[in-house]
Amino acid sequence: MTTDQARYQYLLRFADTSLVMAQRLAEWCSRGPILEEDLALTNISLDYFGQAEAFYNTAIPFGGKQETADDLAFRRSEREYFNFLIAEADNGDYARTMMKIYLLSVYLEKIYTALSTSSQPELNMLGVKSLKEIMYHKRHSSAWLFRLAHGTAESASRVQQALQDVWSYTDDLFSTDVCDELLSGELNYEITAMKHVWLAEVEEFMKQCGFVLPQTTYQIQGGIKQMHTEALGHVLCEMQYLQRAYPNAKW
Amino acid sequence: MEDILTTPISQTALAHFEARLQNDEKIEPKDWMPEAYRKTVLRQMMQHAHSEVIGMQPEGNWVLRAPSLRAKKILLAKIQDEGGHGLYLYSAAETLGMDRTEMIQLLHEQKAKYSSIFNYPALTWADIGAIGWLVDGAAIVNQVSLQRTSYGPYARAMVRICKEESFHQRQGYEIMATMMKGTPEQQAMAQDAMNRWWWPSLMMFGPHDADSPHTEQSMEWKIKRESNDRLRQKFIDKTIDQAYVIGLTIPDKDLKFNEETKSYSIGPINWDEFWSVVKGNGPCNKQRMTHHIKYHEEGRWVREALEAFAKKQIEMN
């Protein structure tokens, strides 16, 4: 694998994560618990669509193929996606969706902060560009989780359950492959150290919410190895329907 | 707040209200107004707010299947705009003394209506084009006129909303234009959407003036500034040429262009269909309401938590 190929594949990891996350969040459209939240969730979805597009467009020149962001989004199958599994996990209730956003945002915030100091100009640009939105997502989701944790007995128990369930997707965020090795000079982070920082922040926040981190050792991994859960196929099937059904059409 | 119902109608107050209308001045929330005026404006604004929110459903039906990243972003942003309009209109309607919770309750009890157009299904991607172009196009004609409505908060809401709606209409037209330049299948899809949405869009303006009993009073109060037929005609005249430019056919065998008036005359509108949908028998009436109630109920625990949290914060301080 060349450095450019590693950059291509590394960027697709975040592009795909953003896209699948965006698609999942868009499922909330007209289904929010209050109108304000309907708008907030679709707004976060919109941010993720924008980020996916920016990551795809940055990745394409490194891949050296004749393709567009839409080709990458709409013409690849389940075993060709590199997204982290947390993105494809179903939304569940509002607490679970907020938990997904929160745990992923803390992670992406660390990654994009590191990238925004990268000597590699494209990675640097993407880090800077994405960070602001991710920090807003973290603020929004943490504020809601805190309120729900200190709301009613039902809401607290739902958040606790969400933490328990989503936790099994978090080790996947820290898996690495040959791309990380090849790009170690320009990524400006070391994954084990980053996991410690992530864990400390999440643990501290959950403590404020009145929860301890789950003791479960059950974790599923495989997103960047293109080994997904059964959920991804359904997400893609719906998203890619028109492009697949009318391959010669332009929309 | 002083209960308007129990306020004696003083001749001076009424004269003042009428003078303000006469001078084209806006009626503001704290001004005295006849109870029937308040009720009419509230009903209309509430219906308008509900329409924005229910309208998110047919468009939301395609948000996951929008065929490009660009289309997804635009459609999501548009649906967000609609939700935002809903919020804005609910707030403006609240100035008339009813809160949003109660308005939603009235919707669920089917005592408050929303625009019947959203009781038609969005079957193909072309429907997203047709909704943006025709439905939002018809809404704009109505809303531009409402920028001059006599109730201040409503008029100001319309000014803001109109700016975004014209973007929506362009978005819808662009989808249709792109499809009409596309494959034969796409062209057929676009024409099919046109055939299904054209007449319901014309019905959005309501019954003919002769059959619209509330129009006269609403015009007198300057809540309504132009009649149903006049607004409908404006929409017809500006839309038909847009259809021809991209090669769409108007599904009306009686359509004629009048050289003298430079205006189109259309065939008869199927008012039986209109009233049937208004009365709850359209293809999606039940679905739209079930959806709204279902997710409102599913979100109840979140709203309760929010309230409990706020209460705890107050107790702590």
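Lys253(B) is exposed, at a relative accessible area of 78%, where exposed means over 50%, buried under 20% and partly exposed in between, with a 1.4 Å probe and protein chains only. The side chain of Lys253(B) meets that of Asp254(B) in a salt bridge, 3.7 Å from N to O; a salt bridge here is a side-chain nitrogen of Lys or Arg within 4 Å of a carboxyl oxygen of Asp or Glu. Asp254(B) has 30% relative accessibility and therefore counts as partly exposed. The model is predicted: local features need pLDDT of at least 70 and side-chain atom pairs count only at pLDDT 80 or more, while totals for chains, interfaces and linings use all residues. Residues are numbered from 1 along each chain as its sequence is written, chains are lettered from A and ligands numbered from 1 in the order in which they are written, and side-chain values use heavy atoms, with hydrogens and water left out.

Side chains of opposite charge can pair when their charged atoms come close. Over all chains, the count comes to 36 salt bridges. One of them joins Glu35(B) and Arg38(B), at 2.9 Å from N to O. These two residues are separated by about one helical turn, because they are three residues apart in helix α2 (residues 35-54) of chain B; helices are DSSP runs (H or I, at least four residues) and strands likewise (E, at least two), numbered from the N terminus. Arg38(B) is buried, with a relative accessible area of 14%.

Arg7(A) is buried at 14% relative accessible area, whereas Asp4(A) is partly exposed at 33%. Elsewhere in the chain, a network of salt bridges links Glu109(A), Lys110(A), Lys138(A) and Glu201(A).

Thr215(B) lies in helix α9 (residues 215-220) of chain B and is buried, with a relative accessible area of 9%. Leaving out residues up to four places away in sequence, Thr215(B) touches Lys224(B) and Asn228(B), contact meaning heavy atoms within 4.5 Å.

The two chains also meet each other. Contact between them involves 49 residues of chain A and 43 residues of chain B. About 4,000 Å² is buried between chain A and chain B, 72% of it on carbon and sulfur atoms; buried area is the accessible area (1.4 Å probe) that two parts lose on being put together, summed over both. Leu35(A), Leu39(A) and Trp251(A) supply 16% of the area that chain A buries against chain B, more than any other three residues.

Polar groups take part as well: 14 residue pairs, both at pLDDT 80 or more, are in polar contact between chain A and chain B. Two salt bridges are counted between these chains. Arg100(B) and Glu36(A) form a salt bridge, with their closest N and O atoms 2.5 Å apart. Of the side of chain A that touches chain B, α2(A) gives the most, with twelve residues.

Conventions:
Polar contact = N/O pair within 3.5 Å; in protein donor to acceptor, adjacent residues only side chain to side chain.
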